[in-house]
Amino acid sequence: RPIARKNNRLGSLLLSGIPMAPAGIPQIDVTFKIDSNGILQVTAMDQATKKASSVSLSADKGRLSDEDVEKMVKDAQKYADKDKAFLMRNDARVAFRAYLNSVSSTVVGGAVREKLDEDEIASIESAVAEAQAWLQESGTATAEEIADQRRAVEGLVNPVVTRVYGRGGGSTADSGSSESDDEDEDTSDEDAFYDQDDILDDEL
């Protein structure tokens, strides 16, 4: 499944020593190699520093029973639509947060600031702060609701950017059947996951 915590954990690795940077800036390449003995090697490398870390996983480590595998496959099919909606929501949150960071750094805090009057600066700063607070408090917002919030901020920022740069279209960022009691309990747990409001961007 596309959500990390919904899969079976085989192992973990730690990639340290990466310089601090805004969210979405570090570029990490992850490679998977499996040899003839069924040993999987996973390597993560930071493209900026070339620092890398790896972990080797044997074929029998974390192995699931046939029953567990069958259940996971059924769950993946059963919750495919909810998984898709979750990913769309998460992607929209990440993109909106990156856009707000871009506005803060390039418009409010960059050279563009010198070309704006005080009212424009105050208006954009307020819109960015309100949007960031909304993102923090609206963990269960749908992708469309997030898109609406982004369009509202863009409606304020884009005309200013257009005026400053003298061109149009600019943006400061990339822009059922009955089931057993056990199955009912599992369904409840799954539904609770999608309804939680503490969604994390690293769930993918």
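Which handedness does the crossing of helix 2 and helix 3 have? The crossing is left-handed, a term used when the near helix is turned anticlockwise from the far one by less than a right angle, with right-handed kept for clockwise. Before we look further, please keep in mind that this is a predicted model, in which local features need pLDDT of at least 70, side-chain atom pairs count only at pLDDT 80 or more, and totals for chains, interfaces and linings use all residues. Residues are numbered from 1 along each chain as its sequence is written, and side-chain values use heavy atoms, with hydrogens and water left out.

Let us start with the overall layout. The chain has 5 helices and 3 strands, in the order β-β-β-α-α-α-α-α from the N terminus. Helices (H or I, at least four residues) and strands (E, at least two) are DSSP runs, numbered from the N terminus. Of the 204 residues, 27% count as buried; buried means under 20% relative accessible area, exposed over 50%, and partly exposed in between (1.4 Å probe, protein chains only).

Now back to the opening pair. The axes of helix 2 (residues 80-108) and helix 3 come within 11 Å and cross at roughly 155 degrees. Axes here are lines fitted to C-alpha atoms, for helices over the stretch in contact, and angles run from 0 to 180 degrees between N-to-C directions. Ala, Val, Leu, Ile, Met, Phe, Trp, Tyr, Cys and Pro count as nonpolar, Asp, Glu, Lys and Arg as charged, and the others, Gly among them, as polar.

Helix 3 (residues 118-137) also packs against helix 4 (residues 143-165), at an angle of about 165 degrees and with the axes 11 Å apart. That makes helix 3 roughly antiparallel to helix 4. This crossing is left-handed. Among the residues that meet here are I124, A127 and W134 of helix 3 and I146, V153 and L156 of helix 4. The contact divides into 9 nonpolar, 2 polar and 3 charged residues.

Leaving aside residues up to four places away in sequence, L100 touches V128, A131, Q132, L135 and V153.

Two further residues of helix 2 deserve a glance. R97 lies in helix 2 and, at 24% relative accessibility, counts as partly exposed. S102, also in helix 2, counts as buried at 15%.

Finally, visit the loop between strand 2 (40-46) and strand 3 (52-57), where K50 sits. K50 has a positive phi of about 65 degrees although it is not a glycine.

Key:
Angles under 35 degrees count as roughly parallel, over 145 as roughly antiparallel, 65 to 115 as roughly perpendicular and the rest as oblique. Contact means heavy atoms within 4.5 Å.
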